[in-house]
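Trainee: Could you take me through this structure and explain the terms as they come up?
Mentor: Gladly; please look at it first.
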Amino acid sequence: MAQDRPGEVSRKTFLGIVTGGIVAAIGAVVGATGLAYFASPAFKSESEDWVDIGPASAIKHGVPTKVDFTQRRRDAWDVIEQRSSAWVVTSNGADFTAFDPRCTHLGCPYRWDADKKEFLCPCHGGVFNEQGQVVAGPPPRPLDRYFVKVEKGRLLIRPLVKRAIA
Amino acid sequence: MSASNDGGPRGWLYERTGVDRVWDALFARKVPEAQGWVSWLYTLGSATLFVFVLQAVTGTLLAMNYVPSPDHAYDSVRYINTSVVMGHYLRGLHHWGASAMVVLVGLHMLRTYFMGAYKYPREGTWMIGVLLLVVVIGFGFTGYLLPWDQKAYWATMVGTNIAGQTPFIGPYLKKIFRGGPEMGAATMTRFYALHVLVLPAIVGALIMGHLFLVVWHGISEPPTRAADADAEKEPGR
């Protein structure tokens, strides 16, 4: 490129700067727009929907009960019906706990053994007590829990959101 | 200019890749001088290239949220328009960019024709350009179906029926376009694959060839009035 004399900007240099500026401006608009479009899922929060899983009175005190339910939810442009279930435990009919029905070891479905009063996983012999704590076997952590609440006698849970173990 | 003597990372890069000489060949080459509005006609090729890049970027982003299937296409396009951040804007760019492509390649071809810029030694550039025109129309035709609204459906119905009028091979051609005897899911996946895989590969190769020849031959001069010949025909001047 031609050397500019001191204090002067040549036509070529000026046009180069203008062209570079326009390219940068267009690139910034398209780039920022594209990045917002591409990265916006990072700022989407999980579904907040509470799912009605039936009357609270259906859960016998002290007997863990498996509740099956169908969840209708949006999946991007689609609405899907997802069948899932939860183990619901209550000792007094007022405070409820809902466990994810998958063993925390490798995700097998476990069952309640009424005689031993323990949750047993058939796959690798994981054993949990009524509070979901590991009693025996390979599971690395207690059973995962869902948020659960009672409203007007109906049990509501949020099956997508795991609750941190207190 | 010998930038190879530069110290530092720039000189290091130039010495090993020669990008400085590539840059000079592409952007510091001599172009003919044109006066007035005629000089704007020389921007049509670059404008087409710019819009093409824009189509590639926006199209890639749209493909991240689009499903080429009759039961999801319309909903996924609506999802892009209503739920994805900046989705409406990016789809708008792709939509208008598609029309701009066709307009720009048309004008670019007219300018090349009326200035006689297709003549020796630039016939190869012209022939590749004709192929590029066909590919751009192919992009337009296949992309038009993808929103799967009424306009898309019936336009493709008409378009494939026109292909069906071809003598002898028409009925087969129509079924090849549609992926079967009826328009439906197989038509959409077929058009989508053409739109995002086949045509981009072809257009990429053709653009490289076209641009190489543009740089290789240089840009043609604007046609000028030959003084002697015109003086003979118009004695008054």
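Mentor: Helices (H or I, at least four residues) and strands (E, at least two) are DSSP runs, numbered from the N terminus. By that reading, chain B has eleven helices and zero strands. This is a predicted model, in which local features need pLDDT of at least 70 and side-chain atom pairs count only at pLDDT 80 or more, while totals for chains, interfaces and linings use all residues. Residues are numbered from 1 along each chain as its sequence is written, with chains lettered from A and ligands numbered from 1 in the order in which they are written.

Trainee: What makes chain B more spread out than a compact globule?
Mentor: The radius of gyration, taken over C-alpha atoms, is set against the globule rule, 2.2 Å times the number of residues to the power 0.38. For the 237 residues of chain B the rule gives 18 Å, and the radius is 23 Å, well over that value, so the chain is more spread out than a compact globule.

Trainee: How do you know that the length of helix H7 (residues 123-145) of chain B agrees with its number of residues?
Mentor: The expected span is 1.5 Å times one less than the number of residues. The 23 residues of H7(B) should therefore span 33 Å, and the end C-alpha atoms are 34 Å apart, which agrees.

Trainee: Why are some residues of H7(B) called buried?
Mentor: A residue is buried if 20 or more other C-beta atoms, placed from the backbone, lie within 10 Å of its own. Buried residues make up 22% of the 237 residues in chain B.

Notes. Buried ≥ 20, exposed ≤ 12 C-beta atoms within 10 Å, placed from the backbone.
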